[in-house]
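Please examine the sequence and the structure shown below before reading on. The explanation then leads through them step by step.

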Amino acid sequence: MTQSDLKARGAGNAVLERHAGLRIDGARMIEELELLGEIGADPAGGVTRLGLSAQENAARDFLRDRCGAAGLHVETDPAGNLFARRPGPPRAPGPVLLVGSHMDTVVQGGRLDGAYGVIAALEVLRVLHEHRVDLPVEMVVVAFANEEGALIQAPFWGSRALCGSLENPLDATDRAGRPVSAYLTESGGTPERLADAVWPPGSVAAFLELHIEQGPSLERHGVPVGVVEGIVGRTILDIDVTGEAQHAGTTPMPDRRDALVAAAEIVLATRRIAAEDGVCTTATTGYLTATPNVTNTVPGEVRLSAEVRDTDPVRLARGEAVLREQCARVAAASGCRIGVRAAMRSRPVSTAPPLRGVIREAADLLGLKHRTMPSGAGHDAQIVAQLAPIGMIFVPSSRGVSHAPGEDTLPGDLVNGANVLLHTVLGAQAELGRPGGHGSPSG
Ligand code: HGY
Ligand code: MN
Ligand code: MN
């Protein structure tokens, strides 16, 4: 369904009013988040549960068990995405309300990024099932595979598979060149049937994602709920710098083609693009390896990644162009060969205004203050926006920390967010306005 299918907010919402007193089981959800956080716990700190790795597979097994214990039907698609639905008589075919996030992390990341949105979605579906709440538009929980792209270099893997927007998917590899098909087969996916993971236009009425803010804004403003207005776009460039490995003691300085010195120029130029020149909102170099990486050899090869982000597509494109210009400048000055390849581009997107209204009403119903804000982080929701209207809800991140072992959110904020998600699912029913409805589940 497109945004225009979303009816203008106005009519009262019987479903929302009838269940105004409904709440999630906060203790159950917090306990499950703790248990999930132990899967991939990194002895060096934080959680390392990389997409399509054995740890993400273990997380899927955990989620499958918890869904099964709640009497929900679970299936995994060829891309490794996991879906949970309520049991019941065959439903009239029609678009569903997809709710979820991802369970993979970055290296030594936090236990809430993504995982919170998946466990909260499970809790919402479980509570609706336990209270036999009949939803005109069926709610389906999704755990998208490999959102971060930290192992298999294809961020938003699962949500892109669902939207049919993976480009040459089987070319994807890890940094050592091991193909995604090897990992996928171990994850319960089927590489040769990725096309079957695609959901057709009209099959998703809307997508809702609850997520930690991963920044300091909500905590600084003392506001428990963020209503996301838009999600930042991102471009990742893989950069290969080729100089010449030489002896550190016998090679005169003017004769060197030092790949690491050239890469260092690129790292500083990347930072300047956003921090000093304001070309785009953020510019970051997060990954760098030098070869042969020994003290007494001038580095001959450096591989690094640089990424730029902005909510404005023009500024985002400009950020990429300036970064490419800087690489060309450093190549000319250093005598190194510098190859630049766009590894990923995601567009900035807006959330659906009617769903923002539903989220605000849910927060108001719960007596929770809210503020409308952008997302500086990327999310599966921005990919699913290709297929359906999206809504995103944020809760505060303690000290704004994320993608690091210190990532945390107060339990009360986690419970508040999940209750807002519950009442957004209920409130969205009127928005999505499907005539007729699904029979209430049996048992
Ligand atoms: O990098 C991001 O913005 C997200 O956490 N994948
Ligand atoms: Mn993340
Ligand atoms: Mn995330």
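Predicted model: local features only at pLDDT ≥ 70, side-chain atom pairs only at ≥ 80, totals over all residues.

Residues are numbered from 1 along each chain as its sequence is written, chains are lettered from A and ligands numbered from 1 in the order in which they are written, and side-chain values use heavy atoms, with hydrogens and water left out.

We begin with the metal ions. The manganese ion (ligand 2) is coordinated by Asp 113 (OD), Glu 148 (OE) and His 403 (NE2), at 2.0 to 2.2 Å. Donors here are N, O and S atoms within 2.8 Å of the metal (3.2 Å for Na, K and Ca); water is not among the atoms, so sites may look incomplete. Along the chain, the donors of this ion follow the spacing D-x34-E-x254-H. Two of them come from distant parts of the chain: Asp 113 belongs to the loop between β3 (96-102) and α4 (115-130), and Glu 148, 35 residues apart from it, to the loop between β4 (139-144) and α5 (157-163). Helices (H or I, at least four residues) and strands (E, at least two) are DSSP runs, numbered from the N terminus.

Which residue bridges the two manganese ions? Asp 113 does so, and the ions (ligand 2 and ligand 3) lie 3.6 Å apart.

Next comes ligand 1. Around it are Asp 113, Glu 147, Glu 148, Arg 234, Arg 309, Ala 377, Gly 378 and His 403, each having a heavy atom within 4 Å of the ligand. Polar contacts (pairs of N or O atoms within 3.5 Å) can be followed in detail. A nitrogen atom of ligand 1 is 3.0 Å from an N or O atom in the side chain of Glu 147; for the side chain of Glu 148, a nitrogen atom of the ligand is at 2.9 Å. An oxygen atom of ligand 1 is 3.0 Å from an N or O atom in the side chain of His 403.

Two backbone features remain. The peptide bond from Thr 291 to Pro 292 is cis, with omega near 5°, and Pro 292 lies in the loop between β9 (282-291) and β10 (297-298). Gln 108, a residue other than glycine, has a positive phi, near 50°; its place is in the loop between β3 and α4.

Terms used. Polar contact = N/O pair within 3.5 Å; in protein donor to acceptor, adjacent residues only side chain to side chain.
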